[in-house]
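Biologist: Before we discuss any assignment in this model, I would like each term set against its cut-off. Could you take me through it in that way?

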Protein chains: 2
Amino acid sequence: MNASVSVIFQGNRRIATVDPADRGLAYGDGLFETMRAHRGELPWWDAHWARLTLAAARLDLPLPDPAMLLGEARALLAGDDGVLKLLLTRGVGGRGYAPPVPAEPTVMLSRHPLPPRAPAQGLAVRWCETRLALQPRLAGLKHCNRLEQVLARAEWDDPRIHEGLMRSTEGDAVCATAANLFVLREGRWRTPAVDRCGVAGICRGWLLGALDALETRLDVTDVETADAVFLCNAVRGILPVVRLGARQWTLPAPEYREVAALQARLAAAHPAFVMENL
Amino acid sequence: MNASVSVIFQGNRRIATVDPADRGLAYGDGLFETMRAHRGELPWWDAHWARLTLAAARLDLPLPDPAMLLGEARALLAGDDGVLKLLLTRGVGGRGYAPPVPAEPTVMLSRHPLPPRAPAQGLAVRWCETRLALQPRLAGLKHCNRLEQVLARAEWDDPRIHEGLMRSTEGDAVCATAANLFVLREGRWRTPAVDRCGVAGICRGWLLGALDALETRLDVTDVETADAVFLCNAVRGILPVVRLGARQWTLPAPEYREVAALQARLAAAHPAFVMENL
């Protein structure tokens, strides 16, 4: 699976191209889900659909038929491994912010190759200068207003840096540009709350259940002095961090044996995350 | 000019449709300008292009050739009045936030009908509940991350309410959903600074020069107890406000005669804003 391939729907009708007047293009007026596919299946489809349903309710976006979409997704995947992206927008609208009523959403499914294999020795990460603004009405959602992430990811092009950590405008550590953040402190896993900014990631959600982790506020020092740090997302699973600026963590340390055990539990929950697949 | 008509370019090549992998659609990774056309011309083209140039530099977006675009815009307008929208995105990119280097931008020009005539008796406006997050890196730009405005504009559908005023998450009055805000207090016009959120509107820019207005912070009470209030944008010009919740202003009051004089000056600067055109 090399090139990206996509199918597009307006309401339940298949269309050939995105309308230039789509509100996704004009305003980022939409949501997306990025799913790891394993042998043509989407093991976390239910969790992704549940998040999309909640987010669509918050934006008052109508949802298409999930059974139809899942069928189309399977046809697109054709039994392969890869990444499936679902994009949902408010559809075509006139000029102006007022949403069309009723809106006929645009849905796009696209399949993409797997990202490069994660480095076996763990990730090296940096702090980004671009901050996340505090917007409780959009916090947690995987919406299409992503200029902050684009600017943050553009801050470095050194391939030895694998990800960038982002802080809120108030200085709290929140996430990486495309992953959630977990840190081990005082024997307990902690992850930043996403009620003011950040995305409620699907892998993060699985981990909250698996780890009895604490959703809290973390500052830069809390991360830099943590006993262990990992990133996670629904495409790449759990990614141990071994370097953050001057701070280094050594693998395998006892704390990282716990991360490895978690990776094994994740592999049992989602077969794409068996270690030889990452 | 009824339906919207558009032309799309990738770099300097004309293309038929927007690529589904365009980063404008994926992330709102782009900018736009909305211009009032008068008899096929764009009297404020230079100001719009100057703002777009500054904004593109801040997002590290390459710009297309302005002479080519202006020629295409005139062809699209075909001598008519209306609205011309220019959309610039970072173009096609793979999955993931890292910007393609070099990016080949997508540009879309579309023409649209004039909005409905402004009510002769002035605007009735309301406060929106949706707040503007503070993001200095994006403040001032007319970028395509506009979910806050979409949510704010969706808060009312009473046609007797013409616009909604937006506050920042800290409570400052900033703008309307699609216009800038000016208030007269103690004999001086004031408009909210746009260094933390809000858009540096083109009509606002013209007025700052014409009025010797103060860019400042304003709270809700500053607006509600002002001697006169108007909204402005580059499509509709200057729009006096006569009602904001329980507060009413009476036209013509002496303060509003000053607004009428400003409207006459604006009409001299941009022929679409002669009063019979609004």
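Biologist: How many residue pairs in polar contact does the rule find across the interface of chain A and chain B?

Modeller: This is a predicted model, in which local features need pLDDT of at least 70 and side-chain atom pairs count only at pLDDT 80 or more, while totals for chains, interfaces and linings use all residues. Residues are numbered from 1 along each chain as its sequence is written, chains are lettered from A and ligands numbered from 1 in the order in which they are written, and side-chain values use heavy atoms, with hydrogens and water left out. Across the interface of chain A and chain B the rule finds 14 residue pairs in polar contact, both residues being at pLDDT 80 or more; a polar contact is a pair of N or O atoms within 3.5 Å, where within protein one must be able to donate a hydrogen and the other to accept it, and residues adjacent in sequence count only if both atoms are side-chain atoms.

Biologist: What is the area buried between chain A and chain B?

Modeller: About 4200 Å², of which carbon and sulfur atoms give 68%; buried area is the accessible area (1.4 Å probe) that two parts lose on being put together, summed over both. The contact, meaning heavy atoms within 4.5 Å, takes 54 residues from chain A and 54 residues from chain B.

Biologist: Why is R90(B) called buried?

Modeller: Buried means under 20% relative accessible area, exposed over 50%, and partly exposed in between (1.4 Å probe, protein chains only); R90(B) has 4% relative accessibility and therefore counts as buried. R90(B) is placed in the loop between β4 (82-89) and β5 (106-112) of chain B, these elements being DSSP runs numbered from the N terminus (helices H or I, at least four residues; strands E, at least two).

Biologist: What does the side chain of R90(B) make a polar contact with?

Modeller: With the side chain of D29(B), at 2.6 Å, and the side chain of R90(B) also reaches the backbone oxygen of D60(B) at 3.2 Å.
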